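These are my notebook entries on a two-chain model. I wrote down what I looked up, one topic at a time.

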Amino acid sequence: MPEISQLSGPEAVRVGFYVCHCGTNIAGTVDVKALAGYAASLPRVAVSREYKYMCSDPGQALIEQDIADHKLNRVVVASCSPLLHEATFRRALGRAGLNPFLLQMVNIREHVSWVHLDKKAATEKAQDLVRAAVQRVALHKPLQKRRVDINPSVLVVGGGIAGIHAALTLAEAGKQVYLVEREPTIGGHMAMFDKTFPTLDCAACILTPKMTAVGSHPNIKLWTYSEVVKVDGYVGNYKAQVKHKPRYVIDDLCIGCQECIAACVYKEGKTPDEFNLGLSMRKPIYLPFPQAVPQKVVIDRDTCIEFKSGKCKKTCVEACGDRLAIDFKQKETFDEIEIGAIILATGFKTFAPERNPYCGYGRYPNVYTSLEVERLINASGPTAGEVILRDGKKPASVGIIHCIGSRDANTNRWCSKVCCMYSLKLAHLIKEHTGAEVFNFYIDMRTPGKGYEEFYDRLLDEGVHFVRGRVAEVSDWAVHPSEEGKLVIRAEDTLAGFVRRIPVDMVVLSVGLEPQSDAQDVRRLFNISCASEGWFLERHPKLAPVSTFTEGVYIAGACQGPKDIPDSVAQAGAAAAEALALIDAKSVELEPYTASILEEECSGCKSCISLCPYQAIAFIEEKKKAYINEVLCKGCGTCVAGCPSGSIKQNFFEDEEIFEEIEGVLAYA
Amino acid sequence: MSDKSPDKPKVAFYWCASCGGCEEAVVDLAEAILDVVAKVDIVFWPVAMDFKRKDVESMADGSITATFLNGAIRTSEQESMARLLRSKSQLLVALGACSHLGGIPGLANLFDRASLMQEVYVHPPSTINAEGTLPQTHYQDNGHSVELPALHETVRSLDQVVDVDYYIPGCPPTPKTFLAAVQILLGSELPVKGTVLAPDCALCDECPRKDTKPEKPVFTEFKRPQQMLVDEEKCLLAQGLLCMGPGTRSGCEALCVRGNMPCSGCYGPTSRVRDQGAKILSCLASLVESKDEAEIDRVLSTIPDPVGTFYRYGLPGSLLRRKKPGVRQAPLPSR
């Protein structure tokens with residue numbers, strides 16, 4: 001273990017220490033003058049200063065000047081998280097002719113001032129952290145970043161409006177895009193809607209042109225009914241494996257004439273239609289919806305007689321004729337692609353209202369989810385746009401209950417952001433289609449957004465009723481003749497100050513948005529993080545909203561959190577722009593935090609090889625030693641921790657550096 | 001030994017808490033011992049020759065060239081001998097696992113002194129001690145008084161008591177390791193202080209079964225050698241046996257593995273590792289096949305004595321050092 005004293009002599013370590021006030025963010029809780037004074041007393045500290053904003057130009061200039069004047073060869077900055085300004089201060093070192101990696105940052109904002117109230121204790125904690133950094137930085141070695149070329153193709157995962165918009169933006173910029181969607185068609189949730197708030201444009205009218213554009217764009221390789229199953233590599237040079245599920249119809253041969261569907265031995269559909277949320281039936285061979293892209297039918301092997309018994313007359317094959325598009329023997333296939341960047345636009349799922357038994361969903365046939373009502377209202381939906389109940393009757397009164405699975409301590413605490421607006425939209429459309437009395441039960445009406453509050457005003461004028469309060473129960477228990485045969489909504493009216501009972505024919509549950517059920521798997525696959533609720537985590541909530549902590553992987557749309565269409569599209573555009581900025585830089589610098597084998601010391605036990613999540617370690621038979629491919633190594637440190645003889649070291653995280661830091665923080669004065 | 005020459009290096013041997021195996025290792029040098037003896041003067045070796053403590057006390061400070069001390073330190077007498085020999089010696093060499101890392105006696109650090117005394121003097125099935133009489137450090141009878149050394153609460157490695165110059169690892173060190181170490185010390189250039197005088201590579205490097213080790217041996221159960229017929233050619237980890245080889249310093253020429261037994265880790269960690277047990281655990285834990293928590297627990301429960309397995313020779317010298325006093329004691333093994 002090298003002793004610090006070995007670094008003294010002609011090349012004596014001279015540390016410059018700087019503490020940032022960050023306005024009052026830090027200085028309000030940490031005694032920065034005392035901290036600077038304390039740092040000055042530590043061994044090897046040649047200069048110690050405090051300054052209002054270290055990240056400002058004068059702040060950086062201060063460091064540069066000191067490096068020249070005081071012959072500093074190490075710098076410690078105590079300020080905010082290194083995520084924010086490590087790069088800033090490293091550049092300052094670079095400008096002053098010092099290797100940027102001779103810097104160590106101490107996070108006394110997020111780790112100290114923002115989380116403590118007691119100024120004395122906070123200052124002492126800051127001193128401990130500063131001592132650790134000053135001890136550690138003495139062992140820092142100059143490191144060089146690596147530069148690698150960037151593959152200009154982009155993988156977009158998810159073919160909802162966000163994925164579609166991102167793919168088109170990139171394709172228009174001349175980039176090769178792979179758009180992977182796991183359903184047989186793109187379109188996502190937006191394709192299911194009838195109108196969009198607040199302008200009431202027809203969703204299909206604005207979405208389908210974009211869907212068609214995706215399907216025909218020369219720069220977009222569209223893979224529906226496909227999933228990404230494996231991702232390797234690193235920023236600028238990812239490799240992904242895409243699995244194509246068999247649709248039993250050959251993509252290139254199917255022309256979308258749908259004659260096979262008409263010819264199917266099933267005269268009527270017998271399987272609940274997924275796209276219509278089970279409100280209609282489909283056949284085993286089907287097109288998800290009329291404007292599906294691609295216009296290719298798909299066979300559901302769970303219900304197709306040929307798959308079940310092998311004894312079907314195969315009238316579909318007959319109808320297809322010499323196009324020969326149907327292939328019952330189709331197997332899943334795989335494609336390997338190389339891309340420079342990845343955009344995840346995997347969307348959301350709606351809250352399952354069975355989890356709130358008081359709503360009566362699943363118990364009373366006339367309780368619907370909002371998405372089901374979208375399909376009822378939609379002209380190409382199961383009722384061709386008629387809002388009718390399951391018994392075929394038109395409802396004369398409808399209750400729309402907000403916040404089902406949102407703002408609820410028992411289910412999801414978050415506001416799903418879109419429900420107030422879509423509930424208003426549904427209220428308008430239901431009234432327009434049926435003339436029914438419509439009641440909205442809401443907790444708070446949240447309508448921020450361009451034209452949103454105006455839309456709410458319009459609804460108030462249209463005579464829609466609004467009851468402010470939580471609904472306690474939906475039941476068919478009549479206590480008055482007027483309630484016979486109706487669903488009774490019991491709700492507190494907090495404005496009137498009493499409990500109401502409102503009998504209606506139809507109940508609409510405004511279900512909230514939730515992360516996809518496999519969000520955690522997807523997160524692991526692409527090596528990004530999720531917030532505790534399961535939404536994908538952005539790099540910074542304000543300043544890097546579409547970036548993730550994995551370079552070259554971006555997020556767009558509702559996979560990051562509940563979002564309406566305008567926001568999803570804006571994010572998709574932003575993600576595409578980020579990907580373009582990365583690609584058009586042509587090459588990227590990689591952090592030099594790679595691990596390497598100490599060849600002399602390696603016993604060739606192979607323990608590290610299977611530990612590497614990036615397949616960066618190989619066993620060299622001739623030498624009987626392990627070898628780490630530096631280009632593939634992402635510096636995760638797993639092998640370093642796992643090497644049982646300590647024969648792997650990682651730049652910037654060498655054992656000595658870490659132990660020195662621990663000893664520093666534990667050496668109470 | 002009788003013709004004390006002033007230019008010959010003076011050497012001393014001493015033992016503390018140990019089994020005597022390290023002394024055997026010296027004798028096991030066989031004919032080679034004569035070469036060593038010819039080059040040095042042995043000035044103190046209680047196990048082989050009649051010396052008394054006062055002989056050492058009468059020597060000048062620093063007059064012994066090198067003392068080889070084996071055994072851990074767990075009594076007041078051992079501590080005072082270690083201090084005495086330190087002051088009389090230019091070089092103090094910790095010989096064997098006990099002195100190097102605490103060794104097998106170091107496992108006593110899983111218990112406190114009181115419960116150890118109870119276990120040894122009151123509860124053994126072969127002992128009737130209804131009064132619960134325990135050894136005393138001081139006893140007086142008929143005007144004669146007898147002193148016994150006090151047992152410490154904690155077993156320590158030699159370097160936790162006095163400054164140590166070099167280490168010779170092993171339980172016991174093989175004659176080859178010992179001889180090589182002595183030759184290094186007799187040589188013209190001494191290694192950096194604190195060096196462990198054995199190769200600094202893990203045992204797999206010199207293991208005859210190295211080529212049969214798979215890239216990922218997978219554990220569904222940790223087996224023990226008595227539960228199976230052990231293949232004599234194949235890597236022991238690949239057979240489900242818990243071999244400490246990947247996390248243990250080499251130099252023994254894989255004696256145990258050649259005897260069809262897994263390495264139990266007596267040469268300690270390499271110089272780059274501070275805690276052998278933690279390192280081998282972090283390596284092995286990733287080899288458990290299941291990702292299901294309950295199943296992982298089941299697989300790990302097939303290791304009957306984790307501390308005695310992963311810290312068999314090094315508990316006092318590890319980051320753990322001992323069980324925290326005052327914390328609920330582990331039940332003593334039932335008989």
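**Entry 1: A:Ala213.** I looked up A:Ala213 and found it in helix H7 (residues 203–216) of chain A. Helices here are DSSP runs of H or I with at least four residues, strands are runs of E with at least two, and both are numbered from the N terminus. The cut-offs, with C-beta atoms placed from the backbone, are 20 or more other C-beta atoms within 10 Å for buried, 12 or fewer for exposed, and partly exposed in between. I also noted A:Ile164, 49 residues from A:Ala213 in sequence but 9.2 Å from it in space, C-alpha to C-alpha.

**Entry 2: basis of the model.** The model is predicted, so I note that local features need pLDDT of at least 70 and side-chain atom pairs count only at pLDDT 80 or more, while totals for chains, interfaces and linings use all residues. Residues are numbered from 1 along each chain as its sequence is written, and chains are lettered from A and ligands numbered from 1 in the order in which they are written.

**Entry 3: chain A overall.** I recorded 17 helices and 34 strands for chain A. Its C-alpha atoms fill a box of roughly 95 × 70 × 40 Å along the principal axes. Of its 669 residues, 46% count as buried. The domains, with bounds from an automatic or database domain assignment, are domain 1 (4–145), domain 2 (259–323), domain 3 (349–514) and domain 4 (595–650). Taken over C-alpha atoms, the centres of domain 3 and domain 4 of chain A are 59 Å apart.

**Entry 4: strand S6 of chain A.** Which residues of S6 (residues 154–157) of chain A are buried? I found A:Val154 and A:Val156 buried on one side, and A:Leu155 and A:Val157 buried on the other, so both faces are covered. S6(A) pairs in the parallel sense with strand S7 (residues 177–180) of chain A over four bridges. Pairing requires that DSSP finds at least two bridges between the strands. A:Val154 has A:Val177 in S7(A) as its bridge partner.

**Entry 5: chain B overall.** Chain B has 11 helices and nine strands. In chain B, 37% of the 335 residues count as buried.

**Entry 6: the sheet in chain B.** I traced an open sheet of five strands in the order S2-S1-S3-S5-S9 (chain B), with parallel pairing. Strand S2 (41–44) and strand S9 (166–168) of chain B are at the edges with a single partner strand each, so one side of each has no neighbour in the sheet. From one strand to the next the twist averages 30°; axes are lines fitted to C-alpha atoms, for helices over the stretch in contact, and angles run from 0 to 180 degrees between N-to-C directions. Strand S1 (residues 10–15) of chain B pairs with S2(B) over three bridges, and B:Val11 stands opposite B:Ile42 in S2(B).

**Entry 7: contact between the chains.** I listed 18 residues from chain A and 20 residues from chain B in the contact, which needs C-beta atoms, placed from the backbone, within 7 Å.

Terms used: Two residues are in contact if their C-beta atoms, placed from the backbone, lie within 7 Å.
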